[in-house]
Amino acid sequence: MTDIVLMFEVHQPYRLRRNLHSILLEKALSGRLELKDLEDIVFDNELNRLVIERAANRCYVPATQIILENVKRYMGTSKEFKASFSISGVFIEQAEKWRPDVIDLFRKLAETGRIEFIEQTYYHSMAAFLPYYGFEELREQIREHRRIIEETIGFKPVSIENTEFTYNNDIACFFDSEGYKAVLTEGVDRVLGWRSPNYVYKALGCNIRVLTRNYRLSDDVGFRFSDKKWDQYPLTADKYASWLASTPGDVIFIAVDYETFGEHHWPETGIHEFLRWLPGEVLKYGHLYFSTPGEVVERHPVRDVIDVPPWSSISWADERDLSAWLGNEIQREAYNALAAIRPFIKAVNKPEITRLWKLLTISDHVYYMATKFGSIGEVHSYFSPYKNANIAYGLFMEALGVLVEAVRREIEVNRKNVLSRLVLPGNKAFHFTLPTGEHTGLVAHSIREFIEVIDKVPPESLLYHFNKGDIDAWLLNLFGLRDIVEELRRLRENIASYGELVPTLKKLLLEIIE
């Protein structure tokens, strides 16, 4: 017996406005620039709507209707048709806004009880790879995704994929700690070695089950279906079913972008007919069954352990690594800049600002910045709404600048509350050292923590940092406290002893946050 697991990846990003600067300037000059307007200014919702409506007509509606018809056709038989969907939160938002009929179809699928909906990050982001905040942000986004899937589709996910099948041991065990039964990822040759992707595995260091995509059979549909130069063209449902039937293993995991069915391969290619007839052709084989990820990890035994260290993370894109999103200098610079302002976003704690930041975590923004060549570069160009990576980078940094300015204004208006909540990551924290350079082991991640730890700091360390201007630089560069820095400079000229310094410094800093 071999289980066929079909999974469809459903996602559309919010794309940035190409005329962002001119619209922002126009709003600013007119005096009509408000927080609630920022999202519409930054993102090109005319284009986003156009894409959703076009894809709905070509793919989402006809393909989902075909799947629903097949599910109903085989319901109650000894061999039923089942499938699974991984739908991003930002896709659901856009579909609810512009094509609610698509969401209605997904609800009907859920009602059959034969479709599994997979968890993913709400914003289809690379949250797990954010410096310092990866798993904290990842937890927020998968819980937000869980909420919208339960509320909108009526399904509670038990299986999960990290965005674009990105995976390593730490991510898998994090998902295990969150209570998921199965994690889905790519069947990467360098990871599997001599092993086949067509079995259930276990993550190293925890008990979560791992399903690995059979990328060859998946890409036969996802990439090669309409390629007339392919030696297997045309691909028909009966031919593909025969390939599945001759493939050994416990489970064959086929995962493709949902847009494969009508958008990437247009209806004229016969892709809808392929989808329509595939279930019947597969079920003609006595040993083939359709199943879902949550079912197969309970039905089949674990065959081995998958080991993917964090420094060798995998995905289903390009060279099966992270280079599609973090492979060049501008991609890493953009993502590091995004991560750097996260503590300020948290401290400001305004819904409009938080949402704008999270929308900028959408992985497509950095995907468009890839600078690759050949067939891989052509794929990036196909998906990108911009002419080149530099334009994508420039627009992203401009959008980030809008966000930074919004944060700066909020700090000006509500400085005490914001700065009292601001907690910095380790690389931005104040590390107390002795004049010899030896670390004291004392660290302050916030102004409040600085005040709390100051009594424990050796006198020579505090005096060293105070006289050297390190405290001034920290308060100015990280908190923008130019007025406090001026006070510290005057204090340096008038302070008589260490005994005066500690209480005076405490009082000065307490006035900032209380």
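## A walk through the predicted model

The secondary structure comes to 25 helices and 12 strands, where helices (H or I, at least four residues) and strands (E, at least two) are DSSP runs numbered from the N terminus. This is a predicted model, in which local features need pLDDT of at least 70 and side-chain atom pairs count only at pLDDT 80 or more, while totals for chains, interfaces and linings use all residues. Residues are numbered from 1 along each chain as its sequence is written, and side-chain values use heavy atoms, with hydrogens and water left out.

**Overall numbers**

Taken along the principal axes, the C-alpha atoms fill a box of roughly 90 × 55 × 45 Å. The protein has 514 residues, and buried ones make up 58% of them. Buried here means under 20% relative accessible area, exposed means over 50%, and partly exposed is in between (1.4 Å probe, protein chains only). Of the contacts with a separation of 6 or more, 76% are between residues 24 or more positions apart; contact means heavy atoms within 4.5 Å.

**Two helix pairs**

Two packed helices are described by the angle between their axes and the distance between the axes. The axes are lines fitted to C-alpha atoms, for helices over the stretch in contact, and the angles run from 0 to 180 degrees between N-to-C directions.

Let's start with helix α16 (residues 351–359) and helix α19 (residues 389–413), which pack at an angle of about 155° with their axes 10 Å apart. That makes α16 and α19 roughly antiparallel to each other (angles under 35 degrees count as roughly parallel, over 145 as roughly antiparallel, 65 to 115 as roughly perpendicular and the rest as oblique). The crossing of α16 past α19 is left-handed, a label used if the near helix is turned anticlockwise from the far one by less than a right angle, with right-handed used if clockwise. On the α16 side you'll find Ile 353, Leu 356 and Trp 357, and they meet Leu 403, Ala 406, Val 407 and Glu 410 in α19. By class, this contact of α16 with α19 has 6 nonpolar, no polar and 1 charged residues. For the classes, Ala, Val, Leu, Ile, Met, Phe, Trp, Tyr, Cys and Pro count as nonpolar, Asp, Glu, Lys and Arg as charged, and the others, Gly among them, as polar.

The other pair is helix α4 (residues 89–98) with helix α5 (residues 100–112), packed at an angle of about 120° with axes 5 Å apart. From α4, Phe 91, Ile 92, Ala 95, Glu 96 and Trp 98 meet Pro 100, Val 102, Ile 103, Phe 106 and Arg 107 of α5. Sorted by class, the contact of α4 with α5 gives 8 nonpolar, no polar and 2 charged residues.

**The disulfide**

Searching the whole structure turns up 1 disulfide, with a disulfide taken as a pair of cysteine sulfur atoms within 2.5 Å. It joins Cys 173 to Cys 206, S to S 2.3 Å. The torsion about their S-S bond is about -90°, so the disulfide is left-handed. Cys 173 sits in helix α7 (residues 169–177) and Cys 206 in the loop between β6 (200–203) and β7 (209–213), so the pair ties together parts that are 33 residues apart in sequence. Cys 206 counts as buried, at 9% relative accessibility.

Tyr 233 and Pro 234 are joined by a cis peptide bond, with omega about 0°. You'll find Pro 234 in the loop between α9 (215–222) and α10 (237–245).

Then there are residues other than glycine with a positive phi. For Arg 320 phi is near 65°, and the residue is in the loop between β10 (302–306) and α13 (323–326). Asn 349 has phi near 60° and lies in the loop between α15 (342–348) and α16. Arg 320 is buried at 16% relative accessibility, whereas Asn 349 is exposed at 52%.

Leu 419 is in helix α20 (residues 415–421), and Ile 451 is in helix α21 (residues 447–453). Leu 419 counts as buried at 2% relative accessibility, and Ile 451 is buried too, at 10%. Not counting residues up to four places away in sequence, Leu 419 touches Ile 447, Phe 479, Leu 481, Ile 512 and Ile 513. With the neighbours within four places left aside, Ile 451 is in contact with Lys 506, Leu 509, Leu 510 and Ile 513. Here are two C-alpha separations:

| Pair | Apart in sequence | C-alpha to C-alpha |
|---|---|---|
| Leu 419 and Ala 347 | 72 residues | 6.9 Å |
| Ile 451 and Leu 509 | 58 residues | 7.1 Å |
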